[in-house]
Amino acid sequence: MAQENPPFISKIAIIGAGVSGIAAAKQLAHHNPLVFEASDSIGGVWKSCSYNSTKLQSARKDYEFSDFPWPNRDDSSFPSYLEILDYLESYAKHFDVLKFVKFNSKVVELRFIGDRETAELTGNAGEYRSPLPGHPVWEIAVQTNDSEILQWYAFEYVVVCVGKYGDIPKIPSFPHNKGPETFQGKVLHSLDYCKLNKEAASQLLQGKKVVIVGFKKSAIDLAVECAEANQGPGGKPCTMVRRGVSKFIESYLLWKLPLEKYGLKPDHPFEEDYASCQMAIMPENFFTEADKGNIAFKKASKWWFSKEGIEFDDNTKLEADVVILATGYDGKKKLKSILPEPFRSLLAYPSGIMPLYRGTIHPLVPNMAFLGYIESVSNLHTSELRSMWLARLIDEKFKLPSAENMIEQISRELEVMRRTTRFYKRHCISTFSINHSDEMCEEMGWNSWRKKNWVSEAFSPYGSQDYGQEK
């Protein structure tokens, strides 16, 4: 039940305290934002969607905030998810961000209360509007500690940082009477597996015939955990079922890893993997376990459940005790569940990609920003730079182009992605991320040449340390 006058205790709301949420809170700290976090801790998917074996896929120095280097940044090993959570917690404490966070507070609904002219989204494409108009524009319903009573709050601006991953699993569709209900074993999504502790995960996998559906990073890590749980007498091989091909760094993996031996060689070039941010670094013992027979592979375009396991369109069958669906998440459904109309219907182009100017602003959704919805080779840096850009936008250090011009810019970027990869719907900016960053720096009034001298500018790669805050 809504209150008559929801409290107006802060100008800015931030939904989510993952990487993007805490980056936004730090950059907007001078506005005393209120951060709603559904869980009891920060970290986002690093907290809720990590396995015991999950690691970062890059070196520490490629995944750090511009003003908060890792204490051991020159360590070449890839940090575990626990090390990453510790780093994020240290960052939040160092910059006193946690005081803004309201934990165990799930946002369940947003209500637009701005003026009718803005809501109708007509006639004012080129008119400038202040990001903070001086009165509430959005009301937010929050469920605290699973209470049935909703608390409503009012804000001038909302920053959505719930991300594309976690919370809502993407489940494949099946023919009638050929879904999970037919299977006599156990079916779960990788999101459910993430919630298991090490002992429970081992009990689920040990001595069982396990089928893992999927072949992206989460499925690969799962296969290794499954193989390790099935070492010794009574151990069963774990089978990975994949529709297409895995997305790897071809120039590296074809040299070092026996992809052809297992029928895993990509049918598309390295450039497409890079352009769609789908490069995966394999766990060190993945192919070792495959050589021992602990990980098997099955390629199939179509499959469905039977009583004993799963069946394929090539008339083969696979017995199973446990089937784990590493089939991804439904980020759009998560957003649509809280946004009202007409904005819910505006979330995606016909292409399936949410149209975001600078990966942050939807031209037709007023007084709202989205962080963490585009991908790059370094998602933390991508979120931090856009948080800096957003803070300066809200502080009116620069103005947005008209809605028409923003849409034109978005369309040009989508066309670049469409030309470089068939997987463009992932909204990955890797092929033009430097250009994107340059343009954002220029809009903020910063120098787009971030290095200290022209030699470094010409020959040294860019990293987060090159994008320190300018006054």
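Mentor: Buried means under 20% relative accessible area, exposed means over 50%, and partly exposed falls in between (1.4 Å probe, protein chains only). This is a predicted model, where local features need pLDDT of at least 70, side-chain atom pairs count only at pLDDT 80 or more, and totals for chains, interfaces and linings use all residues. Residues are numbered from 1 along each chain as its sequence is written, and side-chain values use heavy atoms, with hydrogens and water left out.

Trainee: Why is Cys-161 called buried?

Mentor: Its relative accessible area is 8%, and the cut-off is under 20%, so Cys-161 counts as buried. Cys-441, at 0%, is buried as well.

Trainee: What makes helix H7 largely enclosed?

Mentor: H7 covers residues 217-229; helices here are DSSP runs (H or I, at least four residues), strands are E runs of at least two, and both are numbered from the N terminus. Of its 13 residues, 10 are buried, so the rest of the structure largely encloses H7. Among them are Ile-220, Leu-222, Val-224 and Cys-226.

Trainee: How do you know that Cys-226 and Cys-238 form a disulfide?

Mentor: A disulfide is a pair of cysteine sulfur atoms within 2.5 Å. Here S to S is 1.7 Å, so the pair qualifies. The structure holds 1 disulfide.

Trainee: Why is that disulfide called left-handed?

Mentor: The torsion about the S-S bond of Cys-226 and Cys-238 is about -80 degrees, so the disulfide is left-handed. Cys-226 sits in H7 and Cys-238 in strand E10 (residues 238-242), so the link ties together parts 12 residues apart in sequence. Both cysteines are buried.

Key: The expected span of a helix is 1.5 Å times one less than its number of residues.
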